[in-house]
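This report describes a sheet, the helix lying across it, and the nonpolar cores of one protein model. The sequence and structure are shown first.

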Amino acid sequence: MSQKAYYYVYGHTASGLQDFLPSNVTNIKHVFALNHPSLKVKTAVMKQFINRHENQANLEIIKSVHGEDYLDGVIVRDESVAVIAEPNPNIDNVAHVDLKKYYEVKNIDDRLLDKEKSAIEAAYKNFATGLKVHDNLEEIYINQMDFNRADQLALEFIDDLLKSQPKREKGGYIYRRLFGTNTSDGVVNVVPEIVETIANVYFIKGRAGTGKSIFMKKIAKACTDLGLDIELYHCSFDPNSIDMVLVRELDFCIFDSTDPHEFFPQRDGDQIIDLYEKLVAPGTDEKYAEEINKTNSTYKSYMKQGIENLKKAGSYRKQIESAYTQPDEKELHKIVESVVMGLY
């Protein structure tokens, strides 16, 4: 039975819009970029493509940074084909599918487009300010960390994970992704969908600055040094940080299970690694409670403002999309079968 994997490749972050699509389609022979101003029209075509393949092959469905109403792409890796919502300058050998031949392009009020863009840019500014505040929170815990113990803990974990693994002849490949992001629907993630088929899942707990990302980066490097392919999921707030490492060959996943994507073990075998408990001086939360609470509140206020900006952007996008009618099934079938499928 075919399976569906969900993830994001674009993210609204403190560093602006992040693009992790290239690493996911580098080895794909046939990449089709849909050309049309309507996200709704392009999403309808991709959903038809999914319907055609879902009982025949495993699918990677790329959820949209614009919200749940849209998709950013779909990949059928076994057939080496991908359909993406936007032409991407970082990808070579893309075949462009001009949907404007099939669906009329409306005259959209440029002021709506400008408002959407301005709202997204305002969100980036709020996220960036929030990240600076968050750095102050990290500083509290960094000053209370046992770094020697942190290094030792990582070495012990890696040794236990990889002790029976031989070194492969090839180097490990890294698929760079996000398991969630900030959207007009709020802060979203697909962690449950990602981990549900993985047998060995580790929930890493801690505080800001307690080394969760560094711990996972060390695991990722050790795996790729052995030639294992990995899925590296970046933080949707600070893309320089890592929120998840998944190695399908080992049936293994470890992820940052703290707010705003906090989860707890639900199955036998799921395990928690609490870096605050293992690495931070006891009583740190209590000792610096006032400063921590104040900083946390300020940081979250900027994040909330950023989400509100994205919600405004989403409302402008809905007004833009309202000018376009949903393509009918007959036309969608024709495009997928004769245009997309006919090109490979």
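Strands (E, at least two residues) and helices (H or I, at least four) are DSSP runs numbered from the N terminus, and two strands pair if DSSP finds at least two bridges between them. The model is predicted: local features need pLDDT of at least 70, side-chain atom pairs count only at pLDDT 80 or more, and totals for chains, interfaces and linings use all residues. Residues are numbered from 1 along each chain as its sequence is written, and side-chain values use heavy atoms, without hydrogens and water.

An open sheet of 6 strands has the order S9-S13-S14-S15-S12-S16, with mixed pairing. Its edge strands, S9 and S16, each pair on one side only. Within the sheet, S12 and S15 pair in the parallel sense over 5 bridges, and Ile204 stands opposite Asp256 in S15.

| Strand | Residues |
|---|---|
| S9 | 174-177 |
| S12 | 200-205 |
| S15 | 252-256 |
| S16 | 271-274 |

Helix H6 (residues 212-225) lies across S9, S12, S13, S14, S15 and S16.

A nonpolar core is a set of buried Ala, Val, Leu, Ile, Met, Phe, Trp, Tyr and Cys residues joined through side-chain atoms within 4.5 Å; buried means under 20% relative accessible area (1.4 Å probe, protein chains only). The largest such core has 36 residues, and Leu162 and Phe215 are among those with the most contacts inside it. Helix H4 gives the most to this core, with 7 residues. Apart from it lies another core of 32 residues, including Val31 and Phe179.

Conventions. Contact = heavy atoms within 4.5 Å. Axes fitted to C-alpha atoms, helices over the stretch in contact; angles between N-to-C directions. Buried < 20%, exposed > 50% of the residue type's maximum accessible area, 1.4 Å probe, protein only.
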